[in-house]
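Open the model in a viewer and keep the selection tool at hand. The stops below say what to select next and what is there.

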Amino acid sequence: MGMGTSNFVIRWINFLTMLLAIAVAIFGVWMSTHHDGCRKSLTLPVLGLGGFIFLVSMIGFLGALKKNAILLWIYLILLCMILVAILVFTVLAFIITNNGSGHNVSGLRYKEYQLKDYSSWFLKQLNNTDNWKRLKSCLVKSEDCNNLAKQYKTLKQYKMAKLTPIEAGCCRPPSECGYPVVNASYYDLSFHPVSSNEDCKLYKNSRIVKCYNCDSCKAGVAQYMKTEWRVVAIFNLALFVVLSIIYFVGCCARRNAGRTRQSKIGGKRCLNSRDLEVHQSLGLWAHIRSEVV
């Protein structure tokens with residue numbers, strides 16, 4: 001790739017990523033002013049991501065603009081670290097999300113999920129008291145369970161609904177409990193559960209209790225996280241390919257910058273040697289002239 005082409009591409013790519021970093025930082029600031037504590041917890045990671053992208057992009061932009069080999073070396077090292085981090089995260093994401101799948105239940109259009117089906121990493125995170133307390137608070141604030149009654153006004157609509165993993169696990173008791181359904185937000189708990197599943201005792205019709213303490217709810221969250229992580233992992237694969245191409249272009253720009261520097265140094269050396277030859281010739285001529293006189 002030519003010198004001008006590689007520098008031009010690197011300059012514009014990093015200029016665009018700087019604008020992206022500013023947008024990410026603005027989004028982080030907006031999240032910090034949001035009243036939802038669940039989104040506030042993501043403020044620092046989002047701001048940190050925006051700041052890091054801006055720093056790397058600025059180094060790459062200045063390195064290509066000034067044709068500075070040192071800045072481009074730093075840029076390539078940081079970009080290489082990002083590529084390695086993306087690759088490691090993507091591999092781990094596919095490994096962690098490899099286990100776990102829903103179970104079909106007769107008469108339902110959605111699946112039910114069991115926590116034991118998921119990876120040990122999910123089990124460790126979701127069974128951690130502090131982690132689950134924070135997640136449960138977010139689930140209660142989301143009003144997903146309370147909105148079911150507004151979305152499905154009749155019992156027939158509710159039975160024909162295709163609930164999400166979180167709605168299926170957190171907003172209702174497991175089907176094996178055998179509680180009769182009154183409506184989308186209320187079950188008749190006067191019946192003795194036909195299953196020994198502990199979740200049957202934990203479920204309450206209260207909007208702040210529901211089945212948020214159930215393993216079925218944790219399993220629904222695990223399935224949701226699995227789906228989201230798979231999407232992120234696929235996105236990371238595409239990002240890895242794009243960044244690899246940028247890394248290749250950056251290598252060309254760094255190599256071209258090094259050649260430019262060497263050519264300048266070589267030019268100065270040639271100029272100095274020519275000056276020395278001129279001085280030596282003048283000195284020799286002056287000496288001959290003095291001898292003749």
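**First stop: Phe15**

Select Phe15, which is partly exposed, with a relative accessible area of 33%. On this scale, buried means under 20% relative accessible area, exposed means over 50%, and partly exposed is in between (1.4 Å probe, protein chains only). Phe15 is found in helix 1. Helices (H or I, at least four residues) and strands (E, at least two) are DSSP runs, numbered from the N terminus.

Before going on, note that this is a predicted model, in which local features need pLDDT of at least 70 and side-chain atom pairs count only at pLDDT 80 or more, while totals for chains, interfaces and linings use all residues. Residues are numbered from 1 along each chain as its sequence is written, and side-chain values use heavy atoms, with hydrogens and water left out.

Accessible areas come from the Shrake-Rupley method with a 1.4 Å probe, and for residues only the protein chains shown count as cover.

**The whole protein**

Zoom out. The protein has 11 helices and four strands. Of its 293 residues, 34% are buried. The accessible surface comes to about 18000 Å², and carbon and sulfur atoms account for 64% of that.

**Helix 6**

Select residues 129-142, which are helix 6. This helix has 14 residues and reaches 20 Å from its first C-alpha to its last, close to the 20 Å expected at 1.5 Å a residue. The expected span is 1.5 Å times one less than the number of residues. Which residues of helix 6 are buried? They are Asn131, Trp132, Leu139 and Val140. Seen down the axis of helix 6, these buried residues fall within an arc of 160°, so they line one face of the helix. The arc is that of the directions from the helix axis to the C-beta atoms. Asp130 and Lys133, on the other side of helix 6, are exposed.

**Two salt bridges**

Side chains of opposite charge can pair when their charged atoms come close. A salt bridge here is a side-chain nitrogen of Lys or Arg within 4 Å of a carboxyl oxygen of Asp or Glu, and the count comes to two.

Select Glu112 and Arg172, whose closest N and O atoms are 2.8 Å apart in a salt bridge. Glu112 is in strand 2 (residues 111-112) and Arg172 in the loop between helix 9 (165-170) and strand 3 (181-183), so the pair links distant parts of the chain, 60 residues apart. Glu112 counts as buried at 15% relative accessibility, and Arg172 counts as buried at 5%.

Next select Glu143 and Arg207, whose side chains meet in a salt bridge (2.5 Å, N to O). Glu143 lies in the loop between helix 6 and helix 7 (144-151) and Arg207 in the loop between helix 10 (199-202) and helix 11 (215-292), so the pair ties together parts 64 residues apart in sequence. Glu143 is partly exposed at 28% relative accessibility, and Arg207 is partly exposed at 41%.
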